[in-house]
Amino acid sequence: MQLFAHRGVSDLAPENSMAAFELALEQQCDGIELDVRLMSGQVVVMHDASVDRTTNGTGLVNQLSVQQWQLLDAGNGEVPPSLRQVLELVAGCCEVNIELKSSDVVVQVAVELTYAIDHLGFKLTQLCVSAFDHRLLIALKKILPHINIAPLISSCPVSLSQLAYDMGAQALHSHTETTDAELVNDAHGCELAIRVYTVTEAADLLRLKQIGIDAVFVNDVAWARKVLTAAG
């Protein structure tokens, strides 16, 4: 079972910060998960629509200028990174899951993915794009037909993993509470990987491993590895 660092190692460093991503690599994660939005034409790493919760600033991401962005402190004096900065840091050392948080970011994310493959040592299979708005994934697929996509779901559909299969996804990303063996078996029957977010309890981690989950998103990779190792 793979371990993805959710917004980096966000239990020990500011979420979606370079420090959190550097720590994820130090902890030898299998993958890094991050969220992206568009700011003055640049793809930046930020979960919320506004910068209020995670920085010392205020305002909506899509209304800030580059100059205003550079004044933000996301913790320890760090400016929130761009997607390009994170991809340059990782440079193909692990997988990267990019969650689209807004519709205006799709085209520019396609540019960044192409750059990562052409110049930063990433294999196509190391990159995956996810979203709760599945329309964004379809739009990305029209630009980059071979890119891996994974719809995010917060409930268990009656049709189980069919929606992911129908849209040509490589994986399904499901919520801890609504992921069970039936969903896992259905996904695997459709040749889909299934990854679960966000696992913070040891009991959930062990249950998910037992039912055959392919990967989990955790806030501390070292913690998750320790739990799994102790369980044997």
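Is S102 buried or exposed in this structure? With a relative accessible area of 15%, S102 falls under the 20% limit and is therefore buried. The model described here is a predicted one.

## The surroundings of S102

S102 is located in the loop that runs between strand 4 (95–100) and helix 4. Beyond its neighbours within four places in sequence, S102 makes contact with V36, R37, L38 and L136. H47 is 55 residues from S102 along the chain, and the C-alpha atoms of the two are separated by 10.0 Å.

In soluble globular proteins, nonpolar side chains tend to be buried together. The largest nonpolar core of this model has 60 residues, of which L34, V36, L100 and V216 touch the most other members. Helix 4 (residues 106–119) gives the most to this core, contributing five residues. A further core lies apart from it and has eight residues, among them V44, V51, L64 and W69.

V36 may be examined individually. With residues up to four places away in sequence set aside, V36 touches V43, V44, M46, L83, I98, E99, L100, K101, S102, V105 and V109.

## Salt bridges

The structure holds seven salt bridges. Five residues, R7, E15, D35, D48 and R53, are linked in a network of such interactions. D35 belongs to strand 2 (residues 31–39), whereas R7 lies in the loop between strand 1 (2–6) and helix 1 (18–26), so the pair ties together parts that are 28 residues apart in sequence. D35 counts as buried because its relative accessibility is 0%; R7, with a relative accessible area of 15%, is buried as well.

Another salt bridge joins K101 and E99, with 3.0 Å between the closest N and O atoms. K101 has a relative accessibility of 23% and therefore counts as partly exposed. E99, by contrast, has a relative accessible area of 7% and is buried.

## Packing of helix 8 against helix 9

Two packed helices are described by the angle between their axes and the distance between the axes. For helix 8 (residues 202–210) and helix 9 (residues 221–231), the angle is about 65 degrees and the axes are 10 Å apart. The crossing in which helix 8 passes helix 9 is right-handed.

Helix 8 contributes A202, L205, L206 and K209 to the contact, and helix 9 contributes W223, A224, V227, L228 and A231. By residue class, the contact of helix 8 with helix 9 comprises eight nonpolar residues, no polar ones and one charged.

## Two histidines

H173 is part of strand 7 (residues 171–175). Its relative accessibility is 1%, so H173 counts as buried. Apart from neighbours within four places in sequence, H173 is in contact with N97, S130, A150, P151, L152, I153, R195, Y197 and F217.

H188 is part of helix 7 (residues 181–189). At 33% relative accessibility, H188 counts as partly exposed. With neighbours within four places in sequence left aside, H188 is in contact with I194, G212 and D214. H188 and D11 are 177 residues apart along the chain, and their C-alpha atoms are separated by 31 Å.

## The loop residue C190

C190 lies in the loop between helix 7 and strand 8 (193–199). Residues up to four places away in sequence not being counted, C190 touches S161 and Y165. The C-alpha atoms of C190 and D166 are separated by 9.9 Å, and the two residues are 24 residues apart along the chain.

Methods:
Residues numbered from 1 in each chain as written. Predicted model: local features only at pLDDT ≥ 70, side-chain atom pairs only at ≥ 80, totals over all residues. Heavy atoms only, no water. Helix = DSSP H or I, 4+ residues; strand = E, 2+ residues; numbered from the N terminus. Buried < 20%, exposed > 50% of the residue type's maximum accessible area, 1.4 Å probe, protein only. Contact = heavy atoms within 4.5 Å. Axes fitted to C-alpha atoms, helices over the stretch in contact; angles between N-to-C directions. Left-handed = near helix turned anticlockwise from the far one by under 90°. Nonpolar A, V, L, I, M, F, W, Y, C, P; charged D, E, K, R; others polar. Salt bridge = Lys/Arg side-chain N within 4 Å of Asp/Glu carboxyl O. Core = buried A, V, L, I, M, F, W, Y, C linked by side-chain atoms within 4.5 Å.
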